[in-house]
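Hi,

Here is the structure I promised to pass on to you. My notes on what turned up in it follow below.

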Amino acid sequence: MADEPNAQRAKKLYIETVGCQMNVLDSELVVARLRDDGYELTDDIDQADAILYNTCSVRQHAEDKIYSALGRIKNLKREKPDLAIGVLGCMAQKDQGAILKRAPHVDVVIGPGQLGRVPELLARAKAEEKPQLAVSLARTAGGRDRVTASFESYDADREPTVRPSKFQAFLRVMMGCDKFCTYCIVPSVRGPEQSRSPDAIVAEARLLALQGVKEITLVGQTVNSYKYKTPDGRTTRLSDLLARLHEIEGVVRIKFITSFPNDMTDDLLQAVRDLPKVSRYIHVPAQSGCDEVLKRMKRLYTVALYDDMLARIRETIPGASVSSDFIVGFCGETDESFEKTARLLERSRFKNSFVFKYSPRAGTKADGLFADDVPEDAKRRRNHILLDLQAAISLEDNRGFVGREVDVLVEGLSQSTTRKPGWDGPDQLVGRTACDRIVVFPGPAGLAGETARVRIDQASAVTLFGGLAQEAAERPA
Ligand code: 5AD
Ligand code: SF4
């Protein structure tokens with residue numbers, strides 16, 4: 001049929017996603033909608049009928065990358081006037097019409113709360129031959145209910161084929177954020193905090209399990225603030241939700257990211273301890289180890305509270321790993337305040353830390369109130385210091401695994417750079433332990449999606465290396 005002159009060629013979609021897990025999930029949902037609309041995915045941008053960028057606004061660098069990508073495809077649009085170009089997600093919500101001014105070849109600008117409308121808006125841009133803009137209300141544009149309603153949820157559609165791995169899926173449990181940390185653009189671009197109904201979440205998890213998903217990662221900007229009140233007055237907390245999801249057959253691992261320190265309640269820690277499918281891993285950003293800086297960031301906790309929270313995690317959940325985010329060079333961060341951050345990082349023994357140089361964001365409180373007064377070279381130096389400290393800690397703690405056996409949920413073939421040093425045999429598998437450590441080991445590709453017992457014999461700061469425990473036992477000593 002494909003040879004018939006009138007047969008319709010499937011439209012080709014090229015999509016690039018930057019930013020957090022929320023964006024990865026959003027892209028999956030957009031692709032699901034567009035598949036229904038006759039699109040198929042392509043990796044080749046030159047073949048595309050539609051090019052979409054799902055964008056991030058958290059730092060300037062992420063935005064710069066998108067504007068240069070848009071610059072690079074200007075000629076493509078000139079050669080193929082039918083090509084549709086879209087800017088989706090956080091940058092669309094933040095910059096709105098300014099994107100069209102800077103890149104007039106863009107056809108649709110669609111905020112994160114409007115993504116369910118991508119097919120309709122692409123079609124309308126073509127029919128009306130003019131760019132379409134769909135964004136949600138600003139946080140100050142009306143009452144909370146109106147603003148919240150302008151950020152739609154459309155999570156019912158799932159598209160397994162675009163997931164990074166067919167055994168793993170993200171599942172949104174809440175949207176938006178109400179914390180308003182002074183440096184952060186997220187509350188403006190992702191809207192008010194809303195928890196989804198537990199029934200909807202459980203139904204979606206069941207669907208994912210039927211699609212073969214083994215590991216579900218619950219995502220929310222402050223996931224442990226999850227709270228859902230049913231009309232009969234009962235409240236479902238994240239711990240209750242974990243207990244319900246734990247019952248689902250086929251799901252073997254459940255994670256949740258990202259947590260907020262103040263909301264780390266004991267019931268949640270006990271749920272992580274008591275539910276064997278729940279990963280013993282908590283990502284709970286400290287951002288800084290200095291009280292004055294935390295106050296300027298409006299993080300709502302002190303260093304003492306963070307230390308105490310960490311102690312509760314360690315006490316309640318044996319073998320838990322914790323990871324953190326840090327911002328270096330935030331407004332007014334002195335050498336002394338940075339030193340305090342370095343000490344917090346040292347004593348906390350995080351599994352890993354994500355370190356970011358402060359990037360002022362227009363529209364945030366910090367941008368209006370404080371000067372971005374830490375020079376770029378000091379930001380860079382502090383960034384390296386924290387990363388080096390963390391690498392030494394990660395290496396030391398990872399070495400503690402050498403000689404031990406761990407259960408690894410196998411994700412698939414290891415692509416890459418993480419090959420065991422000196423290994424020149426066949427491809428290796430990659431997976432994670434229950435405490436979220438990456439493990440690379442040789443084994444058959446058919447183990448993907450299974451849990452394997454692996455004996456660790458080598459460690460780097462980011463990866464544990466080993467072999468299947470059974471094989472190790474069968475090998476002559
Ligand atoms: N500049 C640098 N880093 C930032 N983050 C959020 N906003 C900014 C900013 N303006 C970091 C925080 C957050 C992570 C996702 O990004 O550490 O936890
Ligand atoms: Fe941004 Fe703070 Fe909300 Fe995290 S908790 S998304 S850093 S405002």
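T258 sits in the loop that joins β13 (253-257) to α11 (266-274); helices (H or I, at least four residues) and strands (E, at least two) are DSSP runs, numbered from the N terminus. The peptide bond leading from I257 into T258 is cis, and its omega is near -5 degrees.

Before you go further, please note that this is a predicted model, in which local features need pLDDT of at least 70 and side-chain atom pairs count only at pLDDT 80 or more, while totals for chains, interfaces and linings use all residues. Residues are numbered from 1 along each chain as its sequence is written, chains are lettered from A and ligands numbered from 1 in the order in which they are written, and side-chain values use heavy atoms, with hydrogens and water left out.

F180, in the loop between β8 (174-175) and α8 (186-190), has a phi near 55 degrees, a positive value in a residue other than glycine. Q287 is not a glycine either, yet its phi is positive at about 70 degrees; this residue belongs to the loop between β14 (281-283) and α12 (291-297). Are they buried or exposed? F180 is partly exposed, with a relative accessible area of 29%, whereas Q287 counts as buried at 7% (buried means under 20% relative accessible area, exposed over 50%, partly exposed in between, with a 1.4 Å probe and protein chains only).

F180 also turns up around ligand 2, along with C177, K179, C181, Y183, C184, V186, P187, Q221, T222, F260 and R299 (a residue is near a molecule or strand if one of its heavy atoms lies within 4 Å of it). By class, that shell has eight nonpolar, two polar and two charged residues. Here Ala, Val, Leu, Ile, Met, Phe, Trp, Tyr, Cys and Pro count as nonpolar, Asp, Glu, Lys and Arg as charged, and the others, Gly among them, as polar.

Now the strands. β4 (residues 84-89) is mostly covered, with six of its six residues buried. Strand β3 (residues 50-55) pairs with β4 in the parallel sense over six bridges (two strands pair if DSSP finds at least two bridges between them), and T55 stands opposite G89 of β4. The pairing of β4 with β5 (residues 108-110) is parallel too, over three bridges; there, G86 has V108 as its bridge partner.

Further along there is a closed barrel of five strands, in the order β17-β18-β19-β21-β20, with mixed pairing.

α2 (residues 60-72) has 13 residues and should span 18 Å at 1.5 Å a residue; its end C-alpha atoms are 19 Å apart, which agrees (the expected span is 1.5 Å times one less than the number of residues). Its buried residues are A62, E63, I66, Y67, A69 and L70. They cover an arc of only 160 degrees around the axis, which puts them on the same side of α2 (the arc is that of the directions from the helix axis to the C-beta atoms). H61 and R72 are exposed on the other side.

Lastly, V278 lies in the loop between α11 and β14 and is buried, with a relative accessible area of 3%. V278 and C435 are 157 residues apart in sequence, but 9.4 Å apart in space, C-alpha to C-alpha.

Best wishes
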